[in-house]
Each structure stands twice: as C-alpha cells, then as structure tokens.
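Colleague: Can we go through this one together? I have some questions on packing and contacts.

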Amino acid sequence: MTTSAILLIAISVITTGLVLGVIFSLVAAGVTIVYGSIWLPNASNGQFFLTAALICWSFVTWLAVPIWVAALLTLAVSLPISYLLEATLIRRFYDVPDRNIAYFVLTLGVTQILSGIFSVTYGRWSDQFNLPPMIAGVTFIGPFPMTNNRIFVLGAASVLLALLFAMLRFHPYGRALRAVFQNREAAALRGVNVRAIYRLSFALGMLSIFAGGILYGMAYSFDLTVAWTMAVTAFAIMIVGGPGSVLGAVVVGMVFGFTQAGVSTFTSPTLATFSYLAAMLIILLLKPSGLFSR
Amino acid sequence: MTDLFVARDLCKRFGGLQALRNVDVVQRAGETLGMIGPNGSGKTSFVNAVTGELALDSGTIDFAGRDITGVRPHKVARAGLARTFQAVRIFARLSVRDNLQTAMLVLDDAANSLEAEERVELLHWLKLDHRLDAVAGSLTLFEQRRLELAMRLMMRPQLIMLDEPVGGLAPGEIRAMMQILNELKARCSIFVIEHTMRVIRELADRVVVLITGEKIADGPPVDILKDQRVIEQYLGTAHA
Amino acid sequence: MSRDTVTSGAWRQSAVTAFAIACMGLAPFGAAPAVAQSGEPITIGFISELSGPYSFFGTSCKQGLEFAEKKIAAEGGVLNRPLTFKVMDDQTNPAQAVAAARSLDVQDNVLALTGPTSSDIALAIYGYAEQNKVPFVVPVAAFAQLTKPGTKYTFRVEPDAVGWGYAAAKFVAARKAGAKLALMYTDNALARAITAGIKYQAEKENVSIVADILFPQGSNDATVQAAQVAAAKPDFVYLATVGAFDVTTTNQLLDLGIKPEQIIHNVGATSTLLGYGARSVGSNYGTFFDANLDNVTAEGHKFIDDFVQQVGRIPSYVENYCYNTAYIIKTAIEKAGGADREKFRDAMSSLNMVEPTSGVPISFDKNGARKEYMYYMQLTGIAAKSYTAKRLFYIEWAPETLPVYDLVK
Amino acid sequence: MRRYLRSAITPQLLLLLAAAIALAVVVSGNRFFAFVLGITMISILWAAGMNLLTGYTGLVSLAFAGIAGISAYGTVGLVMRCGWSFWLAMPVAVLGAAVVGVLLGLPSLRLKGFYFALSSLVIQTVLSLGFVYFIGLTNGDTGISQIPPPDIPLTGVSFHGIGFDLLLTFAAWLSLAATWAIAHSPFGRRLVAIREDEVLAEAIGIDVIRNKMLVFFVGSLYAGVGGALYATYVGFASPRSFDLLSSLSIWLMVAFGGRGTFMGPVVGALILAPVPFMLQQYDTLKDVIYGALIIAVIVLMPGGVYGTLLAYVRRLPSLKRYLSKQRGGVPNDGSVRRS
C-alpha cells in the first residue's frame with residue numbers, strides 16, 4: 001500500500017472517529033444528565049434522537065424552510081415535548097423510591113408508542129431519509145476529501161458540548177445541577193430547589209439528545225432502525241463513563257467513535273462492534289462504578 | 001485479657017481527602033471500646049474498613065486471631081464480627097419475623113446458632129415478641145434499632161460494632177437504649193461509635209478519639225476528658 | 001404510592017383492568033372466521049411486514065397488490081367469484097408470521113398464502129406452509145432456500161439472490177474484461193447470498209475481488225471502509241448495504257472520489273434511488289422491473305401511471321412483483337378450476353404465463369423456483385420525485401446453472 | 001428438601017394447572033388459539049424465570065432472550081445436525097447457555113441496582129450480533145426453518161397438536177412449582193434480602209455475589225428451557241426471535257403483572273403474550289395500544305396489575321376501620337426508607 005493510501009485511511013479514521021464521537025457524546029451526555037439527576041434511565045433516548053431527525057426532515061420537506069431554520073425549529077420543538085412529558089408522566093414519580101424501574105417501564109412504553117407511530121407513518125413513506133447539506137463542497141485534509149457539511153457537524157457538536165460544559169461548570173443552574181448529581185438530600189438542605197433542577201435537567205437532556213439527532217441526520221442518511229442502535233450505544237457509554245458524568249460521556253463517547261472507526265481498519269466492522277462492547281464488559285469488571293464516577 | 005481485634009496502620013484516601021491516617025486500634029476481649037470524633041472524622045470509614053465494605057489503601061486487621069484484612073463483609077459477619085449502621089438498616093418492606101428469619105439464614109448450618117429458647121429470650125429482652133407480624137418499616141425508630149440489634153445477635157457475634165446506636169432517639173428512648181447496651185455487654189464485646197461524649201462516658205471502658213482521620217488519643221474516658229489535645233481540637237469546639 | 005391513590009384512584013384502577021380485559025376479550029372477535037363457500041369470495045392470506053423494521057417493503061408490496069386486487073374485481077373476479085386478500089401484519093417477526101399463517105389457515109381456511117418481503121419471515125412461513133400443505137406464493141423474497149429441492153407448496157416469484165450475484169459478475173465482466181471489483185455489504189441473508197454468487201462467478205469471469213467488506217447490522221458510517229476501497233483502486237464497487245446506510249455508503253464513496261459509473265447497487269427501489277441524489281447519476285443498479293424499460297406493456301404503463309398518481313412515487317420491482325403475484329394467483333385458480341389447495345398447487349406448478357406488466361415469462365420448476373433473469377440499469381437523471389434510467393444489460397439463466405445450495409446453507 | 005417440595009403443591013398451583021389444562025383442551029379445537037396459548041405457556045415459563053431474577057432478587061436481566069437463544073440454537077443444532085434426541089440435546093444446550101450466561105453476566109453481577117440492567121442490555125446486543133455473525137452455527141439472520149418438534153422417547157413419534165400444548169402447559173406449571181419452591185427456601189429468602197438491601201444482606205453474612213451468580217444460573221435455566229421449547233414449537237429460529245425486544249417483552253410481563261408476587265408474572269404473561277397475536281389485523285394501532293397499556297399500568301397501578309389488585313383486595317376488609325382511623329396517626333403506607 002502506498003503512503004498516500006495509508007494517509008488517506010489514517011485521516012479517514014480520525015475524522016470519522018471525531019464525527020461519530022461528538023454525536024455519541026452529545027446523546028450520551030443527554031442520557032447521563034437525566035439519569036444522574038432524576039434517576040431516569042431514558043430507554044426512549046433512541047426514539048427521541050430519531051424524532052429530532054424526523055421532525056427536522058419534515059420541516060425541510062414539507063415547509064421547505066432552509067436546513068438551519070429547520071434545525072433551530074426542531075430544537076425549539078423539544079422544549080414543549082419535554083415539558084409535556086415532564087408534567088404528565090415524569091413528575092409524578094420524583095419521590096417514588098424505586099423510580100428508576102418505573103421510569104424504565106414508562107420510557108419503554110413511550111418507545112413503543114413512538115416506534116409504532118413512526119413505523120406506520122414515516123416508515124411507509126420511505127426506507128431512508130436525507131437532510132440537505134448545511135454547507136456544500138469538500139475540503140481536502142491531505143489526500144482526504146472531507147465534506148464541508150461534516151466539518152460543520154463536527155464544529156457544531158463541539159460547540160454544543162463546550163456550551164454544555166461551560167453551563168454545568170460556571171452557570172449557577174449548572175452548579176445546582178451538579179450539587180444534585182452528587183447528593184440530592186444535601187443539595188435540598190442547602191436550599192437548592194431540587195424539583196426545578198429535575199425539570200431543568202430533563203429539558204437539558206432532551207435538548208442534548210435532540211441536537212445529537214439533528215446533527216446525525218445532517219451527517220448521515222437515517223432510517224427508523226437507528227433508534228435502537230443509538231439507544232444501546234448511549235447506555236453503554238453512560239455505563240462506562242459513570243452516571244451523571246458529562247466528562248465521562250464525552251471521553252467514552254469519543255473512545256467509542258474512534259474504536260468503531262479504527263478497529264475496522266484491521267479487522268471486519270462486526271468485530272469492531274464486538275470489541276467495544278467487550279471493552280465495556282472488561283471495564284465493568286475492573287471498575288464497576290464507571291470510569292469517571294465520583 | 002487477649003486481643004479481640006487489632007487494627008494496625010490503617011490508611012484510606014478518597015480523592016483529596018485522607019479519611020484514615022495510620023490508625024492503630026486494639027480491642028481486648030470483653031472490653032467495651034468507644035470511638036468518638038466530630039462528623040467526617042473517619043469513624044464510619046473505620047468501621048467500614050474493618051467490616052470489609054471499604055478497601056484499605058494499607059494496614060492490617062486481625063480479628064479473633066485471624067487476619068481479616070480485605071475479607072468481604074459477609075465473611076467478616078460470619079467470623080463473628082457484626083455491625084449496625086448509622087442510618088438504621090433493616091428490611092423495611094418485610095415483616096419483623098421475616099427480618100429475623102433472614103438474619104438466621106447464615107447460621108442454619110453453623111454450630112453456634114441460637115437455640116429456640118434463646119431466641120425467645122432474646123426477643124423478649126428486646127421487647128419485640130409482640131411485634132413479629134408488623135412490617136418492619138412501620139416500627140418506631142427505637143423499635144427498628146432494637147430489631148437491628150436482635151438481627152445481629154441471632155448470629156451470636158463475638159464483637160458487635162455499633163454506629164451511633166442512640167442517634168435520632170428521644171431522650172427517654174436514649175435512657176432505655178443505654179440500659180439495653182449495658183445489658184448487651186454480657187452477651188458480646190462492644191465497639192461503639194458516637195460523636196457525643198455522653199454515651200461513651202457511660203458505656204465505654206476505653207475511648208479512641210479520631211479527628212480528620214487521625215487517632216489523637218486513646219485511654220479511659222476520664223483521662224480522655226482531661227486530655228488537652230482532645231479538649232482543644234474536639235470537645236472545646238463541639239461542646240463549648 | 002400514597003394511600004389516597006388507593007381510595008380515590010380505585011375506579012381508575014378498575015377502569016384500567018376493565019380496559020385490559022376488554023382488549024383481551026374483544027380482540028379474538030376482530031379475527032372472526034370467514035368461511036369460504038361455493039359462490040363466496042376466494043380468500044388468499046396476505047402476511048407482510050406492515051410494522052417493524054421492514055414496514056416500508058411490506059407496505060409497498062401491499063400497495064402494489066391492492067392495485068391488482070381492484071383491477072381484478074373490476075374485471076369480474078375469478079371464476080365469477082370475488083378474489084379477496086386478507087391482510088395480516090407480521091411485525092417483521094417470524095413467530096408472529098407463523099401465528100398469522102396458522103390463523104389464516106385454520107380460521108379463514110384461505111386457499112393460499114402470500115405477502116412476505118423479508119427472507120427470514122418468508123422462510124418461517126415456508127416451514128408452516130410445507131408442513132401443512134398450504135400453497136405459498138412468495139412475491140419478494142430472494143432466498144434460494146425457499147425453493148430448495150423437495151419443496152412442494154412454495155413458489156418463489158423473485159429470482160434468487162445467489163443469481164443476483166451471478167448476474168452482477170457477468171455484468172462487470174461485460175463492462176470491462178479483467179475488472180477489479182470491490183464488495184461492500186451488510187451482514188444479512190440477502191447480501192451474504194449475493195456476494196457468494198459474485199465470488200463464485202467472478203472467478204470464472206476473470207474478475208478479481210480487491211476488497212471484501214462486511215458491515216454488521218446497525219452500522220452508520222462507512223468513511224473508513226470507503227477510504228480502504230478507494231485505496232484498493234477498483235474498477236467497480238458492488239454495494240449490498242441496506243436502507244439509509246446504503247445511501248450513506250454511496251455518498252461517502254462519492255466523497256472519496258469514486259465515480260458514480262463505478263458504483264453498482266445490488267437493486268434499485270425508487271425511494272432509495274431518489275435518496276442517492278443527483279450526484280449519483282451515472283451509477284448502476286440491478287432490477288427485475290423498471291418504469292424506464294422498453295418492454296413495459298400497456299397494462300404496465302397504466303399500473304405505473306395509476307400508482308404514481310395515487311402514491312406519489314414510481315413503482316419499482318417490489319410493487320410490480322406484488323401486483324403480478326395477484327395475477328399469478330388468479331391465473332392459477334382459473335387453471336385449477338376452483339378453490340382447492342392441491343389443484344391450485346398443481347396449477348401453479350404447470351403455470352405458463354407472462355407478467356402482465358412487462359411480458360417476462362413466468363413458469364416454475366418442480367421445486368417452485370422461477371426461470372431467473374435480471375436487468376442492469378444506469379441512472380441517467382434524478383428529479384424531485386422521479387428518475388430516469390437506461391438498460392445496459394440483461395441476462396437470463398436456469399435455476400440449476402448455479403450450485404446454489406452449496407454456496408448458501 | 002422434601003418440605004419445600006410439599007409446599008410447592010399448593011391448592012393455588014393445582015388450580016392453576018387445572019385451569020391451564022382445561023383451557024388447552026377447550027381451545028384445542030382451534031389450532032390458532034391453541035398456538036397462541038402454547039406461546040403464552042412458554043411466556044409464563046420465561047416470566048417465572050425472569051420473576052426469580054427481577055422480582056425476587058432485583059436483577060433486571062435484559063439478556064434473558066439472548067440466553068434463551070443460545071439454548072435454542074444449541075438444541076436445534078444438536079437435534080438437526082447431530083441427530084440427538086430433543087431430550088438429550090435440550091439439557092446439554094440449556095446447561096451450556098446457563099454457563100455462558102453466568103460468564104457474560106459475571107462482570108455486571110458486581111454492579112448495583114439498575115446498572116446491572118443497563119449492562120445486560122449491552123450483553124444482549126452482543127449476543128444478537130453474534131447470532132447474525134456466526135452464520136455457521138445459527139444460519140445468520142436467515143434463520144433455521146422446519147425445526148422438528150420434540151420426539152417422544154422410544155416411540156419414534158414426536159409431540160404434535162394437543163400433545164405439544166400439554167407438554168408446554170406442563171413445562172409452565174413445572175416452572176411455577178420450581179419458582180414457588182425456590183421462593184420458599186432459604187435460598188429464596190437470601191434473594192429477597194439481596195433485593196431489599198445488598199449492604200444489609202452482606203452485613204448479616206449473605207454472600208451477595210455468590211447468590212446472585214446462583215440465581216443468574218437458575219434464571220438462565222428457565223430462559224434456556226423456554227428457548228428450546230420455543231424454537232421447536234414455532235418450528236423456526238432466527239436472531240429476531242431472541243433479540244432485545246423479546247427480552248424487554250418478557251421483562252414487561254413481570255413488571256406489568258407485579259414484580260415479586262408469585263402470580264403477578266403469570267397474569268402479566270396471560271395478558272401481554274396474546275396481545276400481539278390478537279391485534280395482527282390492527283397493524284396501525286397495535287404498538288400504540290401496547291405502549292399506552294404499559295404506561296397506564298405503571299401510572300395507575302405501580303405495583304403491576306396483580307400486585308395492585310392484591311393490595312386492593314387485602315385492604316378491603318379493613319377499609320372501614322381504615323377510613324375511620326384516617327384522622328389519627330400516620331398509618332404505614334409500606335414505603336421504603338432510604339438512607
């Protein structure tokens with residue numbers, strides 16, 4: 001193999017790892033924020049990820065708005081959806097002792113309803129969906145041509161992750177949120193309005209998942225099966241990263257992205273998938289509470 | 001008297017916090033040993049380390065002539081070292097009877113399990129015999145503390161480590177509990193954690209003082225109360 | 001839950017319980033048996049993927065079938081009796097499909113079964129059909145095991161997937177002697193069978209396989225693999241990936257400088273062809289029916305026009321096969337002279353007709369396999385809701401040309 | 001041991017057995033309903049095993065169907081390729097599946113609470129990928145068709161029709177009897193202790209990890225037996241039969257009926273297993289109805305259908321007393337204190 005061929009593959013691994021990594025990270029951050037605070041294992045995270053991509057697609061296709069307008073509208077739509085879910089279903093379990101199980105069942109029910117609706121609507125209209133590119137053209141990185149659209153996705157996701165970090169680190173809300181992650185009773189004693197924080201973290205988590213879905217839809221074609229793949233990946237990342245740890249979600253999300261991209265250059269992509277799932281089991285064996293847990 | 005349990009040079013660090021710093025504690029058989037210190041001084045960490053819930057960074061623990069360093073909690077319990085928890089821990093959704101029967105499970109095969117009449121006597125002593133069918137979570141805190149004690153005694157331990165046994169109790173209940181604990185001395189050795197001097201002074205033969213993970217004093221209660229370092233660093237601030 | 005829920009919520013609880021019981025109790029009545037009697041409609045069971053991951057194909061098939069059903073009704077039915085199709089959803093789940101087959105067989109006493117578009121579902125029904133002697137006409141499942149030696153009651157309308165690979169290798173060899181071919185495919189039964197056929201025939205045609213990349217189901221990115229393929233400098237890339245990942249892979253190959261003319265899609269369905277986008281014009285795809293073919297009959301054109309008008313997209317081979325399947329069943333019933341399963345089976349066995357939409361002959365060998373054929377088309381243009389293409393290649397072969405059952409188990 | 005066996009034969013169980021057989025006989029005239037009933041019986045067996053894990057021990061194992069799949073493929077392989085009798089092949093495959101299950105579960109058995117569920121979800125994904133990938137053993141996602149039903153040893157005939165239905169009914173009953181025996185044994189008590197409070201369980205000398213491993217093994221046996229019966233009953237096995245959705249639906253039967261109650265999962269299986277079959281013609285609404293039913297139960301009946309009804313019935317005689325006492329004191333509402 002020539003040097004330029006090796007370089008081509010090496011750069012493709014890096015860019016793919018980055019793009020997959022930031023999207024995984026966004027979704028996993030959304031899941032981990034909600035699990036870490038409310039104790040809600042969102043089994044429907046994949047369906048909401050898909051919902052975001054489908055809503056964005058619908059705006060572009062039916063309202064014929066530009067893609068960036070559609071993306072912003074979709075993010076805005078996530079807020080009433082979060083509010084509705086929180087007010088009708090999530091809120092009533094805030095004080096139930098074994099609520100993680102109740103929430104799991106609940107979100108499975110939501111998953112079932114959403115996938116039922118999608119499979120008889122979108123699922124019958126097409127077998128795959130595409131969003132138009134945000135920016136056309138390609139940029140050459142050495143011998144490797146990367147589409148500007150994917151560069152945009154990478155940039156946007158990184159900015160969103162940075163914003164999320166900054167908010168958790170510096171904004172008073174973020175500090176309260178982290179106090180709740182660590183110890184909700186102590187936080188309540190210190191005068192933090194725990195319920196308000198729950199509400200905020202649910203909305204924030206959903207926003208993060210929606211952003212992940214939209215950006216995924218921009219980077220790739222998607223179909224209805226992406227929901228389960230993403231749901232499992234996000235859970236795996238959260239387990240390895242540690243609950244409530246956004247840093248863990250990002251680091252492990254990037255590692256997953258790079259593993260999937262990198263291992264497949266040596267062996268078949270199936271073995272690459274096996275490998276990162278196996279890595280997860282090994283990490284669990286060594287550090288059951290997750291890599292970045294406190 | 002022989003040494004019942006010997007902890008040597010225990011160290012444990014949580015991130016930036018040194019929870020235990022070269023702590024040495026020796027308890028002799030039949031002796032009641034107290035441990036005091038302010039909140040966060042490492043008392044519970046010490047008990048957790050001894051009973052195997054917390055992995056130590058360094059140090060060794062011998063119990064009844066056996067090295068139990070790094071031994072898992074259920075084995076420590078089976079070896080005859082029982083413990084209670086600061087926040088009372090019972091099977092709240094099960095009945096009192098189920099709680100007690102579950103506590104007896106381990107000893108089904110062991111030679112030192114309690115005979116039936118001993119059990120009756122134990123429950124009578126702890127005034128639980130009329131509450132057997134109640135759901136444990138519905139008991140008063142005092143009853144729950146007694147149930148917790150009964151569950152441990154079902155295992156006929158050589159040593160029981162009590163983590164703040166009167167915490168949260170009303171004044172009258174505290175007196176009753178002190179009475180129970182004094183009678184308990186006849187059944188097994190006691191290691192008791194408190195953050196107040198009052199209980200310790202009445203109960204303990206000897207006291208260990210722990211501050212920020214470090215043992216600063218060790219001796220009979222009377223001496224401890226006079227110890228200048230203890231007064232300065234603990235009693236002086238906590239009970240001014 | 002606190003106790004006030006117990007008291008004030010009691011009626012709600014009973015309501016839910018009543019609802020649950022009602023669901024249980026009412027559901028069977030929905031499936032009330034319709035006994036086929038003389039003079040009554042002739043009922044065919046149609047089991048397909050109307051929900052779940054394959055819902056697009058099952059629904060497309062159903063749409064094609066409904067056009068034929070209406071047309072047959074307008075033509076006066078079959079043997080002066082209405083021909084009706086009872087539709088069941090298998091949720092893309094084999095156990096559900098077997099249950100549906102059993103329900104249609106036992107409850108509705110249907111003359112024959114048809115419908116599935118996914119190979120594993122078809123194979124699950126196949127087991128039931130062969131065991132219980134129910135004729136089974138498979139419209140769109142390409143798996144050769146459906147017509148393995150000894151098969152009696154199952155008839156496969158779509159050419160088998162090993163043959164698709166055989167045709168692909170022949171096509172590549174015809175385009176360029178000694179061509180270098182790269183394979184990219186998803187880990188599923190169809191793709192495994194196709195690539196087995198390609199590899200078998202490529203050797204005979206002096207086509208060399210320079211890359212052989214298998215993706216697990218649920219893959220989402222193929223950039224690295226596309227780079228590997230680009231580095232291998234193939235003359236052609238054969239893609240047997242599925243759904244959205246197919247479009248993603250295509251785009252990533254194009255991003256990396258592979259020319260559309262070098263890309264061969266295993267098969268072309270309208271929505272996927274449109275999904276490839278304008279930059280894909282020039283790429284090739286295999287098919288069994290296409291609106292752009294010269295041999296589409298007048299009836300075929302009418303079907304295409306009506307379909308476009310009603311559904312909003314051009315029908316592809318899936319809809320075409322399901323449309324034709326209704327006519328195949330109709331012709332066989334006429335030949336059998338009545339609604340008798342054994343006679344129907346014999347009639348299917350000795351059927352000799354042409355597809356009403358394209359004039360391609362239809363006949364089945366003793367195992368129910370069809371005389372195989374395949375087109376290769378080149379995309380020449382893509383608009384918002386339609387595309388144009390031209391025929392580059394056509395091939396026919398007998399099912400026994402290939403050692404199909406050695407190549408796939 | 002005999003004591004536990006004797007307590008397994010309770011009137012409740014006998015009644016259940018009688019009802020199940022009666023139902024089988026009644027519907028046997030209609031092979032479709034008999035088939036749905038057969039699947040329901042397998043679901044009861046699976047739900048009983050899942051109940052042991054989830055209900056009694058608090059382990060939510062979402063790799064359950066994957067383990068059933070290993071056993072199913074093992075049994076089918078030994079019967080169809082090696083010509084073994086089903087009754088020899090099944091135990092071997094079931095044991096193999098249970099051992100694989102424990103080995104895969106080993107890392108996650110140390111995880112507390114819900115993390116175990118999430119990691120088992122990942123294990124299920126690995127198994128599903130494996131079923132597709134190891135095509136030589138499983139025939140990939142094509143699946144294995146025309147699987148013969150279990151033979152009746154020494155007769156040369158095999159179970160079919162009502163005989164097979166009765167076999168499944170018997171298997172379901174046996175699984176319930178076994179669950180009953182386990183629930184009322186010291187082992188069962190240890191499991192409940194682990195579910196209620198792992199730390200306390202250890203403090204009173206219960207080896208949490210060992211008992212979890214044991215129950216995981218036993219639960220995998222249920223999964224395996226169900227898997228072998230399922231494949232031979234349906235006559236077809238493919239990765240889709242043993243995927244995450246299958247695991248989730250078995251688990252839902254338990255949560256829906258009532259975790260930790262003996263009868264709850266039976267009720268859950270009886271209600272949920274037939275729903276997809278009964279709604280086959282209502283493809284547009286089915287998933288929505290199914291999902292809404294689940295949400296309705298968790299919101300309105302948090303203890304599950306059976307669990308909530310049971311609590312309701314138990315309160316009934318004391319209702320008056322309860323209402324009159326409502327002003328005084330704080331009665332126990334059974335909620336759990338958490339520290």
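Colleague: How do the axes of helix H12 and helix H13 of chain D cross?

Modeller: The axes of H12 (residues 244–257) and H13 (residues 264–272) of chain D come within 7 Å and cross at roughly 120°. Axes are lines fitted to C-alpha atoms, for helices over the stretch in contact, with angles from 0 to 180 degrees between N-to-C directions. That makes H12(D) oblique to H13(D), since angles under 35 degrees count as roughly parallel, over 145 as roughly antiparallel, 65 to 115 as roughly perpendicular and the rest as oblique.

Colleague: What does "helix" mean here, and what is the model?

Modeller: Helices (H or I, at least four residues) and strands (E, at least two) are DSSP runs numbered from the N terminus. The model is predicted: local features need pLDDT of at least 70, side-chain atom pairs count only at pLDDT 80 or more, and totals for chains, interfaces and linings use all residues. Residues are numbered from 1 along each chain as its sequence is written, and chains are lettered from A and ligands numbered from 1 in the order in which they are written.

Colleague: Which residues make the contact between H12(D) and H13(D)?

Modeller: Among them are D:Leu252, D:Met253 and D:Phe256 of H12(D), and D:Pro265, D:Val266 and D:Leu272 of H13(D); contact is C-beta atoms, placed from the backbone, within 7 Å. By class there are nine nonpolar, four polar and no charged residues. Ala, Val, Leu, Ile, Met, Phe, Trp, Tyr, Cys and Pro count as nonpolar, Asp, Glu, Lys and Arg as charged, and the others, Gly among them, as polar.

Colleague: Switching to chain A. How many residues are in its contact with chain D?

Modeller: 30 residues from chain A and 33 residues from chain D. On the chain A side, H4(A) gives the most, with 13 residues. That side divides into 22 nonpolar, seven polar and one charged.

Colleague: And chain C against chain D, how many there?

Modeller: 49 residues of chain C contact 47 residues of chain D. H2(C) supplies the largest share of the chain C side, ten residues. The classes on that side are 24 nonpolar, 16 polar and nine charged.

Colleague: Staying in chain C, what is the strand order in the open sheet?

Modeller: E7-E6-E8-E9-E10-E13-E14, seven strands with mixed pairing. To pair, two strands need at least two bridges found by DSSP.

Colleague: Why is one side of E7 and of E14 left without a neighbour?

Modeller: E7 (208–215) and E14 (387–397) of chain C stand at the edges, so each has a single partner strand.

How values were computed
Contact = placed C-beta atoms within 7 Å.
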